[in-house]
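Please look at the sequence and the model before reading on.

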There are 2 protein chains.
Amino acid sequence: MNPVPSLANLHFSDEERNTLYRIIASRRDMRHFIPNSTLDDATITRLLQAVHHAPSVGLMQPWRFRRIHDNTQREQIAALVMAERDATAEALGERATEFLRLKVEGIRDCAELWVASVAPDDGTVFGRRTMPEAMALCSVACAIQNLWLATRAENLGMGWVSMFEPTALAELLALPSGSKPIAILCIGQVEAFYPAPMLELEGWRQGGSLETVWIDGGGKLSV
Amino acid sequence: MNPVPSLANLHFSDEERNTLYRIIASRRDMRHFIPNSTLDDATITRLLQAVHHAPSVGLMQPWRFRRIHDNTQREQIAALVMAERDATAEALGERATEFLRLKVEGIRDCAELWVASVAPDDGTVFGRRTMPEAMALCSVACAIQNLWLATRAENLGMGWVSMFEPTALAELLALPSGSKPIAILCIGQVEAFYPAPMLELEGWRQGGSLETVWIDGGGKLSV
């Protein structure tokens, strides 16, 4: 699974660097997919390799994916998300109607449906004595971000659906005891990528400026 | 801060896709840096843009970075990490001696030292009613992974140090109330990238095969 040693010291050109930046900038959280599409095994293998090259605390590699094969299970997952969507609308109060107009998932239409989870704790101490759950979780999130960028570079869309009750999803999929599902990932062909985050286009919320990244304005740096 | 609309529907070539895969495969958690190096403002701005293009639950954008400017604070952070390193060695028991031989950070030598934290909760409900802390945390982790790939594409090294007591670090840096620091990020020029994860090279732990990503072997897929 290790990259061949010669890979490690690759020098990237400005053009290659800019390719990465264009992939990062054009990645979107997609909810609209072309129905009845499929991904070939070679593509899926490349995506998995991107996942598995992610960093992880103490080399735990705690990412565990379940691939959903049958439509019955898709429907059950969609129902679980719809239930949480209703609970979210209830919790949102006065923005409930506006919220219910938003498309929040593409579970039925996407080519591939994967559920990403944090593996049962393997007892790793290295790098996570003070933040054991958080660091395992961060490792899985990094793997999902690798996957997200990989799908975009493959000209595929991906959406991370987090509207679900994790214990209910773990039970539905009979995940190993101690597994924590954190993402329902919709992956597949899309007609077009949103020109900006969908929540911005729909007027739900606007992103902040670059300055908000620095807690204190970045000190000497003028960005 | 949004990419220009024309970016969104870029079509990436196989070559560009492979560039991303080579960046992903050659990224390393670095602890060795060339001392007394610096990064120019243009590079730092590109890195920050990569951070800020990350996905986030409900468009929270909860990533907050503190840039460490003075050497006194660097030393204080290094001391905090050394204290946690000792506590980790203690917790590891019989592998303590072996552990203490590993280099776990490059805080004093790296060109830039940034602390990444999760912003104080802004009350966002969208996409995080059932997993509020986890989803904010995952958003910050995705931003850090964007940064990690961006540094690699800039031919810079980065290390994520997680050996610290978060409350002590928040206090040391006087972070805003409710901030959760999750990463001390060492960024800078390196002599060479490790040909494989350092924990593998040092014989601490070996990564698993690609098959471990699937909970159930991936079903029909033969990877």
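What follows is a set of questions and answers on how two chains of a predicted model meet.

Reader: Which rotation superposes chain A on chain B?
Author: In general, two copies of a chain are related by a rotation about an axis and a shift along it. Here the shift along the axis is 0.0 Å and the RMSD is 0.0 Å. The two copies are therefore related as by a two-fold rotation axis. The rotation is 180°.

Reader: How many residues of chain A are in contact with chain B?
Author: Both copies use the same surface, as 100% of the contact residues of chain A recur in chain B. On the side of chain B, 114 residues take part. For chain A the number is 114.

Reader: What area is buried between chain A and chain B?
Author: Carbon and sulfur atoms give 65% of this area. Phe12(A), Phe126(A) and Ile215(A) supply 8% of what chain A buries against chain B, more than any other three residues. The area is about 10100 Å².

Reader: How many salt bridges does the rule find across the interface of chain A and chain B?
Author: A salt bridge needs a side-chain nitrogen of Lys or Arg within 4 Å of a carboxyl oxygen of Asp or Glu. Arg17(B) and Glu154(A) form one, at 3.6 Å from N to O. The count across the interface is 10.

Reader: Which helix gives the most to the side of chain A that touches chain B?
Author: By class, that side has 65 nonpolar, 28 polar and 21 charged residues. The helix giving the most supplies 13 residues, and spans residues 132–153 of chain A. This is helix H6.

Methods
Residues are numbered from 1 along each chain as its sequence is written. Chains are lettered from A and ligands numbered from 1 in the order in which they are written. This is a predicted model: local features need pLDDT of at least 70, side-chain atom pairs count only at pLDDT 80 or more; totals for chains, interfaces and linings use all residues. Side-chain values use heavy atoms; hydrogens and water are left out. Copies are superposed by least squares on the C-alpha atoms of residues with pLDDT of at least 70 in both. Contact means heavy atoms within 4.5 Å. Buried area is the accessible area (1.4 Å probe) that two parts lose on being put together, summed over both. Helices (H or I, at least four residues) and strands (E, at least two) are DSSP runs, numbered from the N terminus. Ala, Val, Leu, Ile, Met, Phe, Trp, Tyr, Cys and Pro count as nonpolar, Asp, Glu, Lys and Arg as charged, and the others, Gly among them, as polar.
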